[in-house]
Amino acid sequence: MVTGSTELPGPVGAGVYNVYTGGPAGSIVPTAAQLGLEPPRFCAACGRRMIVQVRPDGWWAKCSRHGTVDSKDLELR
Ligand SMILES: [Zn+2]
């Protein structure tokens, strides 16, 4: 089982770029709880602006290189 930290998909968990500013992340990886409150706008792996769609029950964000992340994949509660 997973202990402690959550494994996030690359476009939100890669930790290379800040998913909210697109700048260098400096090893700042957003938590699933943070992502539940505010959808990511930039890919954490490549810094590209992602296509973000917000739904009543969550969101998905798509990087043209790294694919789609759906908030339901983050096991938000
Ligand atoms: Zn990407």
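From the N terminus on, the elements of the protein chain run α-α-β-β-β, which comes to two helices and three strands; helices (H or I, at least four residues) and strands (E, at least two) are DSSP runs, numbered from the N terminus. This is a predicted model, in which local features need pLDDT of at least 70 and side-chain atom pairs count only at pLDDT 80 or more, while totals for chains, interfaces and linings use all residues. Residues are numbered from 1 along each chain as its sequence is written.

**The sheet**

The three strands form an open sheet in the order β1-β2-β3, with antiparallel pairing, where two strands count as paired if DSSP finds at least two bridges between them. The edge strands are β1 (51-55) and β3 (67-70), each of which pairs on one side only. On average, and with direction ignored, neighbouring strands of this sheet are turned by 15 degrees against each other; the axes behind this angle are lines fitted to C-alpha atoms, and angles run from 0 to 180 degrees between N-to-C directions.

Five bridges join β1 to β2, and these two strands form a hairpin with two residues between them. Strand β2 (residues 58-63) pairs with β3 over four bridges, and this second hairpin has three residues between its strands. Bridge partners in the sheet include those in the table, where W60 is listed with Q53 and also with D70.

| Residue | Bridge partner | Strand of the partner |
|---|---|---|
| I51 | K62 | β2 |
| Q53 | W60 | β2 |
| W60 | D70 | β3 |
| A61 | V69 | β3 |

A residue is called buried if 20 or more other C-beta atoms lie within 10 Å of its own, exposed if 12 or fewer, and partly exposed in between, with C-beta atoms placed from the backbone. By this criterion, buried residues make up 26% of the 77 residues in the protein chain, whereas β1 is hardly covered, since the count of buried residues among its five residues is zero.

Leaving aside its neighbours within four places in sequence, F42 is in contact (C-beta atoms, placed from the backbone, within 7 Å) with Y17, N18, V19, G22, G47, R48, R49 and M50. Among contacts in the protein chain between residues at least 6 apart in sequence, 38% join residues at least 24 apart.

**The annotated span**

The UniProt record, an unreviewed entry, places the feature "domain: Biotin synthase auxiliary protein C-terminal" at residues 50-75; such annotations may be inferred rather than shown by experiment. In the model, the span of residues 50-75 is 0% helix and 58% strand, and its end C-alpha atoms lie 21 Å apart.

Note on methods: Two residues are in contact if their C-beta atoms, placed from the backbone, lie within 7 Å.
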